[in-house]
Amino acid sequence: MIRFDDVSFTYTEAAGPTLHRVTLAIPEGELCVVVGETGSGKSTLLRAINGLVPHFSGGVLAGTVTVDGRTTKENRPRDLADVVGFVGQNPLASFVTETVEDELAYTMENLGVPADAMRRRVEDAIDLLGLQDLRDRSLRALSGGQQQRVAIGAVLTASPRILVLDEPTSALDPAAAEEVLGTLARLVHDLGLTVVMAEHRLERVVPFADRIVLVPGGGAPLVEGSPEVIMRSSSVAPPLVELGRLVGWDPLPLSVRDARRRATSLRERLAPLTPPSPRVAPGAPTAANEMAATRKLVVAYGRVIALDGVDLSFSRGEVLVLMGRNGSGKSTLLSTLSGARQPTRGTVVVDGRDPRSFRPAELIRHVGLVPQDPGLLLYGESVHAECRTSDKVSDLDDGSTAHTLERILPGVPGDRHPRDLSEGQRLALALAIVLAPAPALLLLDEPTRGLDYPSKDRLIEVLRELAGDGHAVALASHDVELAARVGDRAVVLADGQVIADGPARQVVCHSPVFAPQVAKVLAPEEWLTVDEVRRALDGALPA
Amino acid sequence: MTRAAAPRRRSLHPVAWWLWAAGLAICAMRTNNPFLLALIGAVACFVVSVCRTNAPWSRSIAFFLRVGVLVIAIRVVIEILFGQRGVPGHVLFNLPRVPLPSWAMAVSIGGAVTLESILNAAVEGLQIAVILLCFGAANSLASPYRLLRSLPAVLYETGVAVTVALAFTPELVLSISVVRQARRQRGIPVTGLRGLRGVAVPVLESALDRSLQLATSMDARGYGRRVSLGQGSRRLASGATTGGLLLVAVGLYGVIDSGSLFGLGLPILAVAAVMCGVGLAVGGRRSARSRYRPDPWRRPEWVVVGSGLVALGAMAVAHALNVPGLTVSFSPLAFPSIPLLPVVGILVAAVPAIAAPRAISPSTRGGIADPAAGPPTAQSSDAPQASSDLSGAPA
Amino acid sequence: MRIGSRSSFLLLLTTLFGIAAFAWPLMIHQSSGPNTAHNGDAPWVFVGLVPLLLAIVMAELSEGAIDAKAVALLGILAACFAALRVPSPGINGFEPEWFLLILSARVFGRGFGFVLGAVAFFASSLITGGVGPWLPFQMLAAAWVGFGAGCLPSMRGFPERLMLAGYGVVSALVYGLLTNFWFWPFVGGSTTYSFVPGLGTIANLHRFILFDLTTSMGFDLTRAATCAVLVLVLGRPVLAALRRASRRAVFEPQIEFIDQAGGEPTPALGGRGDPS
């Protein structure tokens, strides 16, 4: 269905090729997952399928890319719209119209599909993707998972044979991500569609994949094969596979079900061992320890109640992970704590004061918030300029922010424009700006969006270090594996109310949605990460 | 805006509303009788109050009302200051005369202000205000999203750009407040010129990034696919447009210099407009697009447009019959008569209040539903939509 | 966005007709012919004609020249324009949107500037609910402002911003003058600055200037000052952001296909590399 014959590609002003002599064939009806680190050329590979590379981006393409018998040399992306459907990372940015139904019809309008066929296909797409209740809704009023399903539906109506998706679940909560991936799997199985997708969080997609293409980056040749084969040696792997490798299971389990069947003996081995105790004892915050607190906090937007009577306290030296569906009130809680929002009722206290009473210059010494899109904090013309502004505003010694940045992530180019940095670098810069004045309470909203595994490891290290230095850290995240690795305490929000609050281990292990893979495999034992299991087996944790 | 472009929830074709409003506006242009003008304004406001939805644009009538009042006020103030003097009448008060430099020649400031002149000015202001109100009514009643769908095919690119702009603006306004919060988080004040810069630049940067992502999606989704027009069609399109434009030049000359061309200016312009229209229509065939569920034009549309035409026709007949009271003057001071025929015509223009499908209440749908509306799937999908939320709060 | 010879011709023609559409009160010639009644038709003729002209020139400019990148950029910039215009739909004279139009046209060129002026005004009027017969005239005037900004000589740094600020002042005043010209004949009445058909060009111009000075000079000056101040204060970062976007979008990408690695380059068939 898709053939790459000896394809090399170089961007117009790039020093070297991004793709180097790629030969690849993806047969019809496969779900193919492309993995690799940020900047390895994953997106370029995906975009070469429908000719966005090089027609849209410019550059030199050697070799031929053929889809369904048509080459991208003779066909521009718009000419291939009826063969390849392309869905980007941010569904909202791909919408052209205002309502769901119009968006579903938009591609067909461009293709000149007759009116009655259009009507039929829109209804089909609505049924296929479960959009019945949304057809009249404004696209902007939908949740992330719904938006992504509409974006998929909007390219499906053109009845393409191939679906290309660039990190379709990176912005979604676990449930919504499952929903989207389930939809994709169904399209492959029921309609015989060929699906090619890039994905950072392998734990989600590996069970569905027929084939994995590993893009190592730096001009090294691609590695492709079935998931069992690739996962045996891949540098990036979901926790499940790492656990399998640690224990030496063969063939490697790719789903929790497979792993549980094998894990009986492992569970028996681990049963006498106790998981590591929490780093700080949460649950009983002492007055001295308490950094911030909310009492009966209610925040409403018009008639919509975002937070409904939330009582929480944040302690020094503790990393608190906020979990919950999209729209459960996580972001509202963080922004209220940072003083950006007026509580409708109840109180918020940070460092003994109402955060709204701080002047901006005082505020940053008490609360720091890294927003979901760290780019919002950045407006300077270079990394250096950002650091200098930050030093000046917070009255710090020259170079403090730059120094913090160096500690978080060494080697961020100082003369680069903030918008041209990679996701990880931009997050590091925003983090450095927020951290340099050493706020007592650090808040992070979805910090791992778009981060690859190495950047995530680095972030976890930094957050643990900060907690060790006595900061209170709270982060909202959908990433259950991250939550398992970094959190001391976990709070689950639903409909603006706290429905679980306690040591991270207990909270996440007992939730089918928020449990990390290792916990699912080893339940009822409360193990969270492969590292813990490894150390326990190595005898580092005596019984 | 949730219900903005929903074609299935039958609401009147936006072009029908605009034609109706134009009919009323032209009526208002043809008379300066304050009672007729007030009646036109009242009819427009009445229809809006009955037919409007909760959509954000339906509030624009209030804006137009305010502007109308402002226009009347300005017109009266200007009359008091600069009005023509020397016309006999009931002097209300005297303003001191201000001598003006010689370049102002005939202009004077101050002098005796008469009741007649103020009344005349107020009626002139009222006329403009009522015309504005008619267009305000159309703005309130017709959905801009659906108006865009009625753009001719040849303006497709422009239409897409405007659609994108309409969809993105509420998001942009939201992102301004988000950036302001983020700025506060950095400890940087958000007021003053420096604050403005810190807010404007990130908002613009992220908007520009968005445009590139959007372009990717549009390109991959077939935007800009074209069929090549045949040689003949291309020649026809370009010939008709060019010829039309040249005729426009001739016709304009005829209109501006009324002594020339034996009064053929207007007919020539009409022919020119038709030629340009043909050129545009033929040119529009170059895009291979089709339209998803175009807005239907059925009986209610005809009734609404017809009611506007009746008002206009009544006014025209009254003019032709020289019915007294269409053009009134307050010098000498006199109570204007009320001509019956235009009053009846204008009252007919209130018919849309009954005839237009009421988008708000689903119960009226039955009377208008057309069995030929579409494949049977339409019926099954009706139920959830009828009960869905109608408030059009911007996202 | 390139402007072909046919588009240039149409632009010129539209501009000529457009000037007539605004300034006809000065040109109208009263003669003793039998058709003097038609004089009163002039404003309505233009109300019908200007949308038609705009449609023709927009269709011509967009034919083949507005690809997905340009249309997305147009839409997003028009949204920014509208977001700036929403709080003040042109009543109090504080109209920050002009500066964005001028800077964007400066960066993306005169053809884009023309289309952006028209599209942005159209979109923002739809949002604020300000559609009426006056809209095509406003669109045309805004399109000229954009076109003019795209025609300014190349310069960089502070002189450039100074020039743009100066242009902002001039264009804001001219825009005010033009829209007033449109409105003037409709005001009617018998004041000393009202339009009197057939009075003669000079006398009517005289009356018009008085009308302009007394009714709207304050608004126009506020608009001009707002624009100039914003260009001077925000000009540098905003121009930089727009230029970066223009660079990143790669409007006319260099596309090459090589059959075999190391083979001879062949130009793309029907690619966007060819001049449109």
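The account below begins with that contact and then turns to a few individual residues.

Modeller: The model is a predicted one, and the description should be read accordingly. The contact between chain A and chain B draws on 73 residues from chain A and 62 residues from chain B. Together the two chains bury about 5800 Å², and carbon and sulfur atoms account for 52% of that area.

One salt bridge joins Glu103(A) to Arg221(B), with the closest N and O atoms 2.7 Å apart.

On the side of chain A that touches chain B, at least two residues come from each of β6 (84-87), α3 (91-94), α4 (100-111), α5 (115-129), α6 (144-156), α14 (360-366), β15 (367-370) and α15 (383-393) of chain A. Of the contributions to this side, that of α4(A) is the most, at 10 residues. Sorted by class, the side of chain A that touches chain B comprises 38 nonpolar, 14 polar and 21 charged residues.

His471(A) lies in the loop between α18 (453-468) and β17 (472-476) of chain A. Its relative accessible area is 12%, so His471(A) is classed as buried, the limit being under 20%. Apart from neighbours within four places in sequence, the residues in contact with His471(A) are Arg316(A), Gly317(A), Glu318(A), Ala438(A), Pro439(A), Ala440(A) and Leu466(A).

In chain C, Ser8(C) belongs to helix α1 (residues 5-27). Ser8(C) is partly exposed, because its relative accessible area of 34% falls between the limits of 20% and 50%. Ser8(C) and Leu61(C) are 53 residues apart along the chain, and their C-alpha atoms are separated by 9.0 Å.

The cysteines complete the account. Over all chains the number of disulfides is zero. Cys32(A) is buried, with a relative accessibility of 0%. Cys276(B) likewise counts as buried, at 1% relative accessibility.

Definitions and conventions: Residues numbered from 1 in each chain as written. Chains lettered and ligands numbered in written order. Predicted model: local features only at pLDDT ≥ 70, side-chain atom pairs only at ≥ 80, totals over all residues. Heavy atoms only, no water. Contact = heavy atoms within 4.5 Å. Buried area = accessible area lost by both parts, 1.4 Å probe. Salt bridge = Lys/Arg side-chain N within 4 Å of Asp/Glu carboxyl O. Helix = DSSP H or I, 4+ residues; strand = E, 2+ residues; numbered from the N terminus. Nonpolar A, V, L, I, M, F, W, Y, C, P; charged D, E, K, R; others polar. Buried < 20%, exposed > 50% of the residue type's maximum accessible area, 1.4 Å probe, protein only. Disulfide = S-S within 2.5 Å.
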